[in-house]
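Biologist: Hi, I'm new to this one. Could you walk me through it?

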Amino acid sequence: MQWLRVLGKLLISMGIGVFLFVLWILYGTGLYTARQQNQLAEEFDRLPAFERQTPEGDPLPPGPPPGYDPAPGAPVFRMRLPTIEDEPMIVVEGVGVDELKLGPGHYPSCRPGFERPLCTPYEEAFPGERGRVIVSGHRTTYGQPFWALNEMEKGDPIHFETRWGDFTYRVTGKEVVPANTQEIVVPSKKYELVLTTCNPRFSAAERLIVFAELETEVAR
Amino acid sequence: MKRSWRSRLLELLLWAAVAIATAAVLIALTDEILPEPNF
């Protein structure tokens, strides 16, 4: 039964290959994202701050200047969730597969480089601006930035460091919705923030949504 | 018939290559294997 022996060895080898693949998914992707985050942090820290007032000295409204359209994968701001994660994260522009491998992604408006359904036809909001700022991130794999998002409670702070100021939001609630819901990506007249990720862990069946509202702005 | 150590080593390397190739194919197909959109 020589062929049976060969088949057995083949299946064992392929099984080891599947095991290596699982190791890559669970740990290798995290190493990849950590390296990308280091590079993005350096890049973000080199970017100049935006002017906070007009040449006449009048204060500008919070937010980036008109026409600010970061490219897919570009670092847009730094986010810290002190109750669930010690390290701050660089948030990149876009929520596509490639962008979320770099870190959490900021939901963009539809423009060149971003296509439906991974962008919104509405004006995108950035931290500090009126509207709904939406940030999505992996619950598992690729650094799993939102692994413990379910542990956030009402009142927990969420800090943002941007090129136009620093902002703190406070969690107001959380909700689990079906993965295909369209109710999250909508315009808002409030100064609010929405964090989204997969739910439960290791499944894409639902989305865990955390809602927050702007509390303070600290001029840079 | 007793096999030489060289023959056994070559066979081990062959099966190791099969394991690595399997992992490489799965990694290359990650985006297709995992649910879309996957978070």
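Modeller: Strands (E, at least two residues) and helices (H or I, at least four) are DSSP runs, numbered from the N terminus. The model is predicted, so local features need pLDDT of at least 70 and side-chain atom pairs 80 or more, while totals for chains, interfaces and linings use all residues. Residues are numbered from 1 along each chain as its sequence is written, with chains lettered from A and ligands numbered from 1 in the order written.

Biologist: OK, which residue is the bridge partner of A:His106 in S4(A)?

Modeller: That's A:Val135. Strand S3 (residues 105-106) of chain A pairs with S4(A) in the antiparallel sense, over 2 bridges.

Biologist: And how many bridges join S4(A) to S7(A)?

Modeller: 6, and those two strands run parallel; S7(A) covers residues 191-199. A:Tyr191 in S7(A) stands opposite A:Gly131.

Biologist: How many residues of S4(A) are buried?

Modeller: 5 of the 6 in S4(A), residues 131-136. Buried takes 20 or more other C-beta atoms within 10 Å of a residue's own, with C-beta atoms placed from the backbone.

Biologist: Switching to H1(B), is that helix largely in the open or buried?

Modeller: In the open, because the number buried is 2 of its 24 residues.

How values were computed
A residue is buried if 20 or more other C-beta atoms lie within 10 Å of its own, exposed if 12 or fewer, and partly exposed in between; C-beta atoms are placed from the backbone. Two strands pair if DSSP finds at least two bridges between them.
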